[in-house]
Amino acid sequence: MESYMGKVVQLIYIDRKKNVSIRDVRIISVKGKQFKAYCYSAGAMRIFNEDNVVDVEISRHVWKA
C-alpha cells in the first residue's frame, strides 16, 4: 500500500464479519500490514488490514479535500 500513499484508491475490502464493500479511501499511513486511510464512504478515518483487500486501483472519482 505504500506505493499508494497520499492517493485516493478504490478498494474491494472484506471486513472482520466477512462483509464485502467497495470503498474510496485516501491512504494516510502504512505500518506493517495495516494502513490508515480516510474513508469517503464512512466520512471518517479507518484502519484497514492489507490482507483483507481483494483489489485496489486508483479511484476515478474526484473527491474534494
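The model is predicted: local features need pLDDT of at least 70, side-chain atom pairs count only at pLDDT 80 or more, and totals for chains, interfaces and linings use all residues. Residues are numbered from 1 along each chain as its sequence is written, and side-chain values use heavy atoms, with hydrogens and water left out.

**Exercise 1.** Classify the pair formed by the rings of Phe 35 and Phe 48.

*Solution.* Rings of Phe, Tyr and Trp (its six-membered ring) pair if their centres lie within 6.5 Å; planes under 30 degrees apart are stacked, over 60 edge-to-face, the rest tilted. The search of the whole structure gives three aromatic pairs. For Phe 35 and Phe 48, the centres are 5.4 Å apart and the planes at 20 degrees, so this pair is stacked. Ring pairs also link Tyr 13 with Phe 35 and Phe 48 in a cluster.

**Exercise 2.** Classify the pair of Tyr 38 and Tyr 40, then decide whether each residue is buried or partly exposed.

*Solution.* With 5.0 Å centre to centre and 80 degrees between the planes, Tyr 38 and Tyr 40 are edge-to-face. Tyr 38 has 29% relative accessibility, so Tyr 38 is partly exposed. Tyr 40 has a relative accessible area of 15%, so Tyr 40 is buried.

**Exercise 3.** List the residues that Ala 37 contacts (heavy atoms within 4.5 Å), leaving aside neighbours within four places in sequence.

*Solution.* Ala 37 is in contact with Val 25, Arg 26, Ile 27, Ile 28, Ala 44, Met 45, Arg 46 and Phe 48.

Methods. Buried < 20%, exposed > 50% of the residue type's maximum accessible area, 1.4 Å probe, protein only.
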